[in-house]
Amino acid sequence: DIIHLFREATSNISVHNAFFAMHGDSLEIDLNLSYGRSSEHEPYYLASIAKTFTATVVGMLVNQGKLSFRDPITDYLSQDLVEGLHLFDGKNYSAEITIAHLLNHTSGLPDYFEDQPISGSNMINRIFEEPNKFWEPEEIIEFTKANFKPHFAPGTDYHYTDTEYVLLGLIAQHVTGLELHEIYQ
């Protein structure tokens, strides 16, 4: 059976984490399996898998007519948050960033996680410096605005950045009125 196959597959020493989900209304199947081999010394880090969930949520909101890929982010985010977000070559491009730019990594925004900041540490180093700090999404955006410079004007190039998906999560929260973890659920 599926559960036996899943357990057998995860018994391999090189498998650290595995997830399996199957749902079928007509067959009344709703199966969710997970396996993880971690401890306090080996924390499980989701990394970019959450981007897939966020992009799916945004696609669903587009399908529901609640937003469009062409919408500027200023339609959904506060003026304070967007203010000074994308200052590049003496021009403020903040109002020109669209949802599509965020999804496609073409906004030109810096990556708060790994890019080199103007001064100080990027987020990956800050996490090690302050392991118990919980960063709210708005704090991450303010941290990015204060410490990094955009790479290019929106839509003119590609740069992989976690910053864009923090903004997409905030947009999804604004549109639905739910916290991002509730939307995922």
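Helices here are DSSP runs of H or I with at least four residues, and strands are runs of E with at least two, numbered from the N terminus. The model you are looking at is predicted, so local features need pLDDT of at least 70 and side-chain atom pairs count only at pLDDT 80 or more, while totals for chains, interfaces and linings use all residues. Residues are numbered from 1 along each chain as its sequence is written, and side-chain values use heavy atoms, with hydrogens and water left out.

**Overall layout**

Let's start with the chain as a whole. Its secondary structure comes to 8 helices and 4 strands, and from the N terminus on the elements run α-β-β-α-α-β-β-α-α-α-α-α. Of the 185 residues in the chain, 39% are buried, where buried means under 20% relative accessible area, exposed means over 50% and partly exposed lies in between (1.4 Å probe, protein chains only). Contacts are heavy atoms within 4.5 Å. Among the contacts in the chain with a separation of 6 or more, 65% join residues 24 or more positions apart.

**The nonpolar core**

In soluble globular proteins, nonpolar side chains tend to be buried together. A nonpolar core is taken here as a set of buried Ala, Val, Leu, Ile, Met, Phe, Trp, Tyr and Cys residues joined through side-chain atoms within 4.5 Å. The largest one has 33 residues, and L67, L77, I99, L102, Y112, L167 and I171 have the most contacts inside it. Helices α2 (49-63), α3 (79-82), α4, α6 (137-147), α7 (162-176) and α8 (180-184) each supply at least two of its residues. The most comes from α7, with 7 residues.

Leaving aside neighbours within four places in sequence, I99 is in contact with V58, L67, S68, F69, D71, I73, Y76, L168 and I171.

H101 sits in helix α4 (residues 99-104) and counts as buried because its relative accessibility is 15%. A polar atom of the H101 side chain lies 3.0 Å from the backbone nitrogen of T98. Beyond the neighbours within four places in sequence, H101 is in contact with E96, T106, S107, P154, G155 and E164.

Most residues other than glycine have a negative phi. H105 has a positive phi of about 60° although it is not a glycine; this residue is found in the loop between α4 and α5 (123-129). D89 has a positive phi too, of about 50°, and is not a glycine either. D89 lies in the loop between β3 (87-88) and β4 (91-92). How do the two compare in burial? H105 is buried, with a relative accessible area of 7%, whereas D89 is exposed at 69%.

**Salt bridges**

Side chains of opposite charge can pair when their charged atoms come close. A salt bridge is a side-chain nitrogen of Lys or Arg within 4 Å of a carboxyl oxygen of Asp or Glu, and by this rule the count comes to 5.

| R126 | E130 | 3.0 Å |

K145 and E142 both lie in helix α6, 3 residues apart, which is about one turn of the helix. Several of these residues are partly exposed: E130 has a relative accessible area of 28%, K133 has 31%, E139 has 31% and E142 has 36%.

**Aromatic rings**

Rings of Phe, Tyr and Trp (its six-membered ring) pair if their centres lie within 6.5 Å; planes under 30 degrees apart count as stacked, over 60 as edge-to-face and the rest as tilted. A search of the whole structure finds 4 such pairs. In one of them, the ring centres of F53 and Y184 are 5.6 Å apart and the planes stand at 55°, so the pair is tilted. F53 lies in helix α2 and Y184 in helix α8, so this pair ties together parts that are 131 residues apart in sequence. F53 is partly exposed at 44% relative accessibility, and Y184 is partly exposed at 33%.

The F143 and F148 rings have their centres 5.8 Å apart and their planes at 70°, so that pair is edge-to-face. Both F143 and F148 are buried. Ring pairs link W135, F143 and F148 into a cluster.

Key. A polar contact is a pair of N or O atoms within 3.5 Å; within protein, one must be able to donate a hydrogen and the other to accept it, and residues adjacent in sequence count only if both atoms are side-chain atoms.
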